[in-house]
Amino acid sequence: MLLNACTLAREPSNWMEQRTALEQLLFSQALNQSAKHLALPLPPGAPIVIEAVAPSPPTLVNMLRETYSNRLGALGMRIRKDEKHAGYLVRLVAETLGTEQGLNLLGLPSMQSALLPIASPEIALYRNEYIKAMVRVSLDVYDIQTGQHILSTPFYEGTKYFNQYIIAIFLGFRLTDADIPG
Amino acid sequence: MRTFQDSPFHSLLKNRSFRLPVLCLTGILLTACVAEPLIQLELRRFPPSMGMKHSKTDHLLVAVEPFVDARLQSRFLGQSRLWTGQETLYGSAGGDLGDVIAQMLATYLLQEQGWQAWFAKARVGQPEGGPDVTLSGKIVECQLDVRDWGLVWLVSAHATLSVDINNKSTSGLHQPEQVILHGTAEDWFFRYGPSRLGGPITRALLQAFHELSEKTILIDTTIRKAQPAMN
């Protein structure tokens with residue numbers, strides 16, 4: 001019965017719902033990690049305008065743009081709001097931008113009885129609930145006046161994970177590479 | 001006349017305990033006969049150990065112009081051939097190899113030397129007064145040799161760059177100084193990961209870039225060719 005109840009589930013995050021605080025934290029840290037080693041060989045002080053495209057909801061795309069704007073500003077670029085006053089268009093292209101979560105359970109999931117108004121609790125011999133944030137971004141640079149492609153960077157990547165384990169019903173612990181407050 | 005029924009392969013297949021391993025091995029060998037005609041290798045990905053270094057010379061402005069591709073066989077980085085005769089050609093992702101290498105050199109100087117280096121394909125946004133030093137040059141050799149050892153490939157990469165150093169403060173007085181940079185790297189790969197072949201050639205190029213700092217010295221805002229030591 002225990003083996004029959006083993007489940008292997010992989011649930012994508014629901015874009016329509018609000019993310020949990022933990023997901024937000026993992027995503028932010030993965031994004032910062034990806035931008036950490038960014039190097040863009042453009043003239044120092046070059047006026048740039050930044051665009052971001054990603055198969056993700058607008059809030060995450062905005063966050064991507066703001067994080068990379070901050071980093072490029074720190075590298076000496078001058079960030080402009082519109083193309084009239086900029087020399088280069090920097091387009092951030094994200095291959096992936098978001099979090100995913102999943103559950104591996106060896107044991108008996110909690111069940112609601114059909115006859116009696118009681119629910120049996122989950123009996124987990126091994127339970128692993130994981131959340132992983134992934135960011136993979138490359139930058140394409142164009143000369144705004146001529147539209148000429150100047151350069152493309154390799155991918156900059158960032159990942160953060162949070163795994164919560166339960167072994168032998170009671171023994172619980174967690175592993176993470178994120179900096180979690182509290 | 002011998003038929004398939006007479007062959008040792010057929011007797012192996014008849015033996016139940018051999019059937020699965022033989023079929024698996026055949027599957028692997030057949031898959032190994034399939035070659036992609038062209039693979040674009042990503043050269044611009046630097047090793048993760050490479051970090052930002054702060055240098056006392058971070059005021060030096062260096063423009064790196066696109067390199068001229070002077071290789072004899074300039075379309076591809078290399079090729080591999082399967083025992084069936086099928087060939088795979090390897091090219092460079094990210095466009096023209098001269099642009100890719102100049103971009104890599106600018107990024108290397110920016111990150112490793114701490115100089116204000118940029119890829120000068122366009123002249124937009126250059127600092128007033130222009131760069132202190134302009135680097136240009138040509139790709140003499142950038143090649144990948146693949147030796148097939150069955151399921152394993154032994155890959156060696158060679159890069160030779162000729163770099164012209166044009167200092168603003170001495171331009172007009174002296175000819176640009178020229179340095180020749182070499183880099184080599186070797187690695188082996190399981191043949192099912194050909195896209196990773198970009199690794200050795202990236203390392204060969206980085207070794208060549210590293211020679212630039214060994215063969216030159218920095219005097220104020222100029223890069224001068226180092227004189228060989230006299231014994």
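What share of the 231 residues of chain B count as buried? The figure is 31%, where buried means 20 or more other C-beta atoms (placed from the backbone) within 10 Å of the residue's own.

## Ground rules

This is a predicted model, in which local features need pLDDT of at least 70 and side-chain atom pairs count only at pLDDT 80 or more, while totals for chains, interfaces and linings use all residues. Residues are numbered from 1 along each chain as its sequence is written, and chains are lettered from A and ligands numbered from 1 in the order in which they are written.

## Chain B at a glance

Chain B carries 4 helices and 11 strands, taken as DSSP runs (H or I, at least four residues, for helices; E, at least two, for strands) numbered from the N terminus. Look at its contacts (C-beta atoms, placed from the backbone, within 7 Å): of those between residues at least 6 apart in sequence, 73% join residues at least 24 apart.

Take B:Val64: beyond its neighbours within four places in sequence, its contacts include B:Ala102, B:Leu105, B:Ala106 and B:Phe119.

## Where the chains meet

Chain B puts 19 residues into the contact and chain A 17 residues. On the chain B side, α3 and β6 (116–119) each supply at least two residues, with α3(B) giving the largest share, 5 residues.

How values were computed:
A residue is buried if 20 or more other C-beta atoms lie within 10 Å of its own, exposed if 12 or fewer, and partly exposed in between; C-beta atoms are placed from the backbone. Two residues are in contact if their C-beta atoms, placed from the backbone, lie within 7 Å.
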